[in-house]
Amino acid sequence: MTAIKHALQRDIFTPNDERLLSIVNVCKAGKKKRNCFLCATVTTERPVQVNVVKVKKSDKGDFYKRQTAWALRDLAVVDAKDAVKENPEFDLHFDKVYKWVASSTVEKNTFISCIWKLNQRYLRKKIDFINVSSQLLEESVPSGENQSVAGGDEEAVDEYQELNAREEQDIEIMMEGCEYAISNAEAFAEKLSRELQVLDGANIQSIMASEKQVNILMKLLDEALKEVDQIELKLSSYEEMLQSVKEQMDQISESNHLIHLSNTNNVKLLSEIEFLVNHMDLAKGHIKALQEGDLTSSRGIEACTNAADALLQCMNVALRPGHDMLHAVKQQQQRFSDLREQFARRLASHLNSVFVQQGHDQSSTLAQHSVELTLPNHHPFHRDLLRYAKLMEWLKNTDYGKYEGLTKNYMDYLSRLYEREIKDFFEVAKIKMTGTTREGKKFATLPRKESAVKQETESLHGSSGKLTGSTSSLNKLSVQSSGNRRSQSSSLLDMGNMSASDLDVADRTKFDKIFEQVLSELEPLCLAEQDFISKFFKLQQHQSILGTAANEAEEMDGGTLSRSYPSGVPQTISSEKDMIRQMMTKIFRCIEPELNNLIALGDKIDSFNSLYMLVKMSHHVWTAQNVDPASFLSTTLGNVLVTVKRNFDKCISNQMKQMDEVKISKKSKVGILPFVAEFEEFAALAESIFKNAERRGDLDKAYIKLIRAVFISVEKVANESQKTPRDVVMMENFHHIFATLSRLKISCLEAEKKEAKQKYTDHLQSYVIYSLGQPLEKLNHFFEGVEARVAQGIREEEVSYQLAFNKQELRKVIKEYPGKEVKKGLDNLYKKVDKHLCEEENLLQVVWHSMQDEFIRQYKHFEGLIARCYPGSGITMEFTIQDILDYCSSIAQSH
């Protein structure tokens, strides 16, 4: 234990200027843990501090570390558990009770005795020692000596003292004089003892030799002892005085500590009060503005805005822990809540009044727009309301219920206002389209023949193709009523015109301008309102990637994206972008139905108007998507574009259906078929409309469908024709188609143009061969027999020796076809061809020239056979090639 005590003094307490007086090896009661040491220590500096220190061996090595220290003045009770029996357990009562078990009863008693002595020496404090043997405490008091308790304790405790430098030097000298000092320590110790005894004897003899000096010395020692006793008495009195001073200084130190703590608390309290005052105090001017501020003037609105922001800052201040429990803070928060509620109610009431008043004022201006195709300008209304934008943001952040109520009221008032304006606007547009007054809503511009058809188709929703349906029967009548060639041509031209509509180009241009004006008026109206909503209601407009309306027109079946608000059911809005779309949908809920009605009217007036509407609507959808693809305008126009595209497709389908329903009169020649003329008109009109249009691909698809249907229908009619030869029907109509495609230069129909040219050429050749036939019939039969003999193996120059094909027979056949007969036959042929062909296509001369070439080819063929089979006979035809050219030319000129 001495070695441990020395190690602890050296390693732990000496660096801290402490002296170790007692030590006990203990462990905690009731727990099996590693042992530790309780040490009683005092400081080497004054005032002396007495501590009880817990020292524990480190887990990472063999050194000890200081774990816990208690001041002895904090010790209240020492409980030894049993004053009679030996018991290693004891308790120390500091801030709580610490229960210990000593390694031995002796160590426990020694430690408790040391604690008692230190208490008596330094503290003079009442520490209760219970269950401690009185004998143990009495043994601690020294008797017969005027020395302090701690002094004797220190002498008893200090069992080991270090040598000073001089003592170490003397020992080294002695050991150097004795060589075996290290190897034989016992002999060295005996030698030292013998020498010490010799020195003691010499000292005693010297003292006894000088008894007188001894007596004097003893007397001096007695006097010195008396002086020491007096000095000790004075020191004791001084110590008592210093002890009282120490207690007073301790009290002063504690008092200073309390004063410092009080000052610190006061500073913190002042800081908290300043924080609350600075952050939760609203200026009187702001309070007055919130309660009585003018919400009609710009200056009053600005003052109310600043006051509302200040109030919001006061309400949103981050209070520190405990602030919300203060009565004054609760009162101020309640006051702020009342101010907020009062101002929010006043602001909501004022804005509702503004909505109502603005809606009334705007309605009064509708009369001046009733005769013009323009929409009222809402910019002044938006400009006045935008002054309240910051207050709306404040209301949104503080009272969302009132903000939501204002939003709903705005939508209700504005939806009714816009509905009146837009319906009147579309009414004017319909009047301008039909050319009627508002009272007499009859389609004055519709053709007389169309009125009967209109009554049959009025109940249908999408009226696309109604005129084309009526013209189908008119086409049949025109074909049937044609009497002569000129009347036939006129009726065919009439059919081409009526297949689109009875309206002229001016009417279509007028419709195009009106439709463009409608879209041009709606676009800025919707964009301005959407921009105002986002600014006034503080809703951010997010860009999103959406499919273009062009693709929707091909893939979707239509429908709207409008959403309604069921009464009493709160709506969950995923984002502010959706809220903008919902507000716009409710405010402008009448735009899409009105546009659809206008489109239906335009389609009813003329089905070809769907071409104009498709181009215009596509352009406006493209423009709206470039601005904001997620906007209400883009979505609505995209939905309407689906309807327009559907009408366009219906128009194409009706054209194709008419081709299937065409019936040709059996008594009149066919000529150019009505649907061929209709395709020409459609293509010419479409090319003028779709020039540089975004939806060119839709037109190209329609072209492919129509031209294939035209090809099929032409062949069908040609096969059914009885009056006109099939080749003539095919030749004339495909020639017309080829001419149309060549003139319009439609890139997607290049293959069809080549096909039409090929069909025209093939059927021209077929018709020429079929119509010309064998104008020199007997001569043809003769030379066919000659060719048959040659084919059987007879040499050409030997054919003249055949009885049926000799020179006399040849001359006889040739004499039957003089020039006059040939000319007569050609004249009859020309009349026959003229009767088959129609005038408007003007193919008579082309066909006649082809027949002339074919006749000359046959003539040359006959001459060749005569030269090869009848060489040197001098036989020739009665007419020459020049005669044929003259005959054909004179016949053509005479007709």
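Leu235 is partly exposed, with a relative accessibility of 48%. In this predicted model, Leu235 belongs to helix H7, which covers residues 211-279. Together with Ile231, Tyr238 and Met241, Leu235 makes a nonpolar surface patch of about 430 Å².

The chain as a whole contains 31 helices and eight strands. Of its 895 residues, 43% are buried. Among contacts with a separation of 6 or more, 72% are between residues 24 or more positions apart.

The largest nonpolar core has 173 residues, and the members touching the most others are Leu385, Tyr410, Phe690, Leu779 and Val847. Helix H13 (residues 400-434) gives the largest share of this core, with 13 residues. Another core, of 34 residues, lies apart from it and includes Cys36, Ala40, Cys114 and Leu136. Leaving aside residues up to four places away in sequence, Val847 touches Met731, Leu764, Tyr767, Val768, Val833 and Leu837.

The end C-alpha atoms of H13 are 49 Å apart, which agrees with the 51 Å that its 35 residues should span at 1.5 Å a residue. After H13 comes Gly435, with a positive phi near 75°. Helix H2 (residues 105-123) reaches 26 Å from its first C-alpha to its last, close to the expected 27 Å. Because 15 of its 19 residues are buried, H2 is largely enclosed by the rest of the structure.

The structure holds 30 salt bridges. One of them joins the side chains of Glu18 and Arg66, at 2.9 Å from N to O. This pair links distant parts of the chain, since Glu18 is in strand S1 (residues 18-28) and Arg66 is in strand S4 (residues 64-71), 48 residues apart. Glu18 is buried at 5% relative accessibility, whereas Arg66 is partly exposed at 33%.

Arg708 lies in helix H24 (residues 696-720) and Glu752 in helix H26 (residues 750-772), so the pair ties together parts 44 residues apart in sequence. Arg708 is partly exposed at 34% relative accessibility, while Glu752 is buried at 10%. Elsewhere, a network of salt bridges links Glu341, Arg345, Asp399 and Lys402.

Notes: Residues numbered from 1 in each chain as written. Predicted model: local features only at pLDDT ≥ 70, side-chain atom pairs only at ≥ 80, totals over all residues. Heavy atoms only, no water. Core = buried A, V, L, I, M, F, W, Y, C linked by side-chain atoms within 4.5 Å. Buried < 20%, exposed > 50% of the residue type's maximum accessible area, 1.4 Å probe, protein only. Helix = DSSP H or I, 4+ residues; strand = E, 2+ residues; numbered from the N terminus. Contact = heavy atoms within 4.5 Å. Patch = residues over 30% accessible without salt bridge, like charges linked within 9 Å, V, L, I, M, F, W, Y side chains within 5 Å. Areas by Shrake-Rupley, 256 points an atom, 1.4 Å probe, with all protein chains shown as cover. Salt bridge = Lys/Arg side-chain N within 4 Å of Asp/Glu carboxyl O. Expected span 1.5 Å × (residues − 1).
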